[in-house]
Each structure stands twice: as C-alpha cells, then as structure tokens.
Amino acid sequence: MTLTIGEHTPRHIRRIVRAFLTDWNMEHLTEAAELAATELTTNVFRHVPDRRCTFLLRKQRNGVRLEVTDAYAQLPAKPAESPPDAEGGRGLLLLTAMTDKWGVTPTPTPTGGKTVWCELADSTST
C-alpha cells in the first residue's frame, strides 16, 4: 500500500500485519512483525521529509518479508549503541535483534530513494 505516514499510522499498520499473519496461520510471528512494521514506518515519519512511502508485507515460502520504500535519498545510519537517555536511535538495533535479517536497497530513481526491508523466518513451516 502507498501512504503518507502520520502519527497514528504505525498503530494501523500493526493491525493490518496482525490480520494477515492470522490469515496465513503465522500468529507466532506477530510480535516481531508488528515491532518491525512500527520501526520501519516510524523511521519514515521521523526522517522522510514528505512522509510518503510504500509498505509491503509479503508471505514467503519460509516466513514473511516487510518492506518500506521511500523517495528520500538519505540512507539510514548504521545501528549503534545509543546513550541510555537518548530518545531515539535504537530502531535498527531492534530490527537486528527481532528479525532474521534486514537491509537497505537503494532505488534507481532520479531523486534517489531506498527500500528498507526485513525478514522473519517461520520455523514451523516445512
């Protein structure tokens, strides 16, 4: 879905993620997928000037993939330890801890852009 991220958008995205994972019989991935969706969309809210993006949740043979694509050329900073009193800066550390893998793929557009993605493996799939 293509949308402009507002203050309450992550909450709505979490509901959508939960509904799809329930439909796909992957409820055990819900907590990590909701956290990942929150982090990806919150980063758009905080760092992308027009707050527009495309959000994709894709069922894969062995899990799910979440992607957020925007047209802002600046790539996310590498995960780093944040000071204990910092108000932010832990989102990519959370992605590292809660997902099986994640990354950033630059998009070939005139203004730049990127897709930040993560994957969660379904250990119950065969």
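Me: Before we start, what does a patch mean here?
Reply: Patches are made of residues with over 30% relative accessible area and no salt bridge, and nonpolar side chains are joined within 5 Å. Keep in mind that this is a predicted model.

Me: OK, so which residues form the nonpolar patch on the surface?
Reply: That patch consists of Met1, Ile16 and Phe20, and together they have about 260 Å² of accessible area.

Me: Where is Met1, and how exposed is it?
Reply: Met1 sits in the segment before strand E1 (2-4). Its relative accessible area is 45%, so Met1 counts as partly exposed.

Me: Switching topic: what about the largest nonpolar core?
Reply: It has 26 residues, and Val17, Leu21, Phe55, Val64 and Leu66 are those with the most contacts inside it. Two or more residues come from each of helix H1 (9-23), helix H2 (30-47), strand E2 (52-60), strand E3 (63-70), H3 and strand E5 (114-121).

Me: Which element gives the most to this core?
Reply: That's H2, with six residues.

Me: And what is Val64 in contact with?
Reply: Leaving aside neighbours within four places in sequence, the contacts of Val64 include Leu21, Trp24, Met26, Leu29 and Cys118.

Me: Last one: Thr99. Is it buried or exposed?
Reply: Thr99 is buried, because its relative accessible area is 8%, and buried means under 20%. You'll find Thr99 in the loop between helix H3 (91-98) and strand E4 (101-106).

Me: What does its side chain reach?
Reply: The side chain of Thr99 reaches the backbone oxygen of Leu95, at 2.5 Å. Not counting residues up to four places away in sequence, Thr99 also touches Ala36, Cys118, Glu119 and Leu120.

Definitions and conventions:
Residues are numbered from 1 along each chain as its sequence is written. This is a predicted model: local features need pLDDT of at least 70, side-chain atom pairs count only at pLDDT 80 or more; totals for chains, interfaces and linings use all residues. Side-chain values use heavy atoms; hydrogens and water are left out. Patches are made of residues with over 30% relative accessible area and no salt bridge: like charges are joined within 9 Å, nonpolar side chains (Val, Leu, Ile, Met, Phe, Trp, Tyr) within 5 Å. Accessible areas come from the Shrake-Rupley method with a 1.4 Å probe; for residues, only the protein chains shown count as cover. A salt bridge is a side-chain nitrogen of Lys or Arg within 4 Å of a carboxyl oxygen of Asp or Glu. Helices (H or I, at least four residues) and strands (E, at least two) are DSSP runs, numbered from the N terminus. Buried means under 20% relative accessible area, exposed over 50%, partly exposed in between (1.4 Å probe, protein chains only). A polar contact is a pair of N or O atoms within 3.5 Å; within protein, one must be able to donate a hydrogen and the other to accept it, and residues adjacent in sequence count only if both atoms are side-chain atoms. Contact means heavy atoms within 4.5 Å. A nonpolar core is a set of buried Ala, Val, Leu, Ile, Met, Phe, Trp, Tyr and Cys residues joined through side-chain atoms within 4.5 Å.
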